[in-house]
Amino acid sequence: MKRRIAREIIVQSLYQMEMNEVESADAVDMLLEEASDENETERVITDEIQLKAYVVEHVNGVWEHKVAIDEMLEHYLKGWQMSRLSRVDRQILRLATFEMVFASDVPAKVAVNEAIDLAKHFGTEDSGKFVNGVLGKMIQELDTLKADHSPTAE
């Protein structure tokens, strides 16, 4: 399974959930079906069952921790509010924050680099720099963030 493809689908699913108020399973199913039927995205999906499980787990994880993630991001946005961000940048930042703070299967630097690439791909001309700036500040305090949001801390 290619995690890049999974991250793209995760960001798109989160976007769909926020825009259209659909459930995670519906958003993921729709995007996977679209990816395999139309293949407009030039994605090659060979392991759909594993991909879907990974995507659903991460989409649900982001959504479950959305309030905590948004509070963390608000702290690092400096002069911005979550509601003022583009929906795409918001979902990318949420996914990266989830991967860095709540997931244990992705090194933080990888999550940041992937988020920057996603922002460049899906966002505006300045999205990559913006995402890099926010996550760059966050990664400096990552140990504290992880400790504050560990299951034993809650």
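Modeller: In what follows, contact means that heavy atoms lie within 4.5 Å. The model under discussion is predicted.

Biologist: With which residues is Val 131 in contact, leaving aside its neighbours within four places in sequence?

Modeller: Ile 92, Leu 93, Ala 115, Ile 116 and Ala 119 are in contact with Val 131 once those neighbours are set aside. Val 131 is also among the residues with the most contacts inside the largest nonpolar core, which has 49 residues. Others in that group include Ile 92, Leu 93 and Met 138.

Biologist: What makes a set of residues a nonpolar core?

Modeller: The members must be buried residues of the nonpolar kinds, such as Val, Leu and Ile, joined through side-chain atoms within 4.5 Å. In soluble globular proteins, nonpolar side chains tend to be buried together.

Biologist: How does the reach of H5 from its first C-alpha to its last stand against the expected value?

Modeller: The expected span is 1.5 Å times one less than the number of residues. For the 16 residues of H5 the expected value is 22 Å, and the helix reaches 21 Å, which is close to it.

Biologist: How many aromatic pairs does a search of the whole structure find?

Modeller: The search finds 2 aromatic pairs. In the pair of Phe 98 and Phe 102, the ring centres are 6.2 Å apart and the planes stand at 20 degrees.

Biologist: Why is the pair of Phe 98 and Phe 102 called stacked?

Modeller: Centres must lie within 6.5 Å for rings to pair, and planes under 30 degrees apart count as stacked. The values of 6.2 Å and 20 degrees meet both limits, so the pair is stacked. Phe 98 and Phe 102 both lie in helix H5, 4 residues apart, about one turn of the helix. Both are buried.

Biologist: What makes the charged end of Lys 66 count as sitting over the ring of Trp 63?

Modeller: The NZ atom of a Lys must be within 6 Å of the ring centre, and within 35 degrees of the ring normal. The charged end of Lys 66 sits over the ring of Trp 63 at 4.1 Å from its centre.

Biologist: Why is Ala 27 called buried?

Modeller: The relative accessibility of Ala 27 is 1%, under the 20% limit, so Ala 27 counts as buried. Ala 27 is found in helix H2. Not counting residues up to four places away in sequence, Ala 27 touches Ser 13, Gln 16, Met 17 and Val 22.

Biologist: Is Glu 21 buried or exposed, and how do you know?

Modeller: At 71% relative accessibility, Glu 21 is over the 50% limit and therefore counts as exposed. Glu 21 lies in the loop between H1 and H2.

Biologist: What is the phi of Glu 21?

Modeller: Most residues other than glycine have a negative phi. Glu 21 has a positive phi of about 50 degrees although it is not a glycine. Lys 78 also has a positive phi, near 45 degrees, and lies in the loop between H4 and H5.

Terms used:
Residues are numbered from 1 along each chain as its sequence is written. This is a predicted model: local features need pLDDT of at least 70, side-chain atom pairs count only at pLDDT 80 or more; totals for chains, interfaces and linings use all residues. Side-chain values use heavy atoms; hydrogens and water are left out. Rings of Phe, Tyr and Trp (its six-membered ring) pair if their centres lie within 6.5 Å; planes under 30 degrees apart count as stacked, over 60 as edge-to-face and the rest as tilted. Helices (H or I, at least four residues) and strands (E, at least two) are DSSP runs, numbered from the N terminus. Buried means under 20% relative accessible area, exposed over 50%, partly exposed in between (1.4 Å probe, protein chains only).
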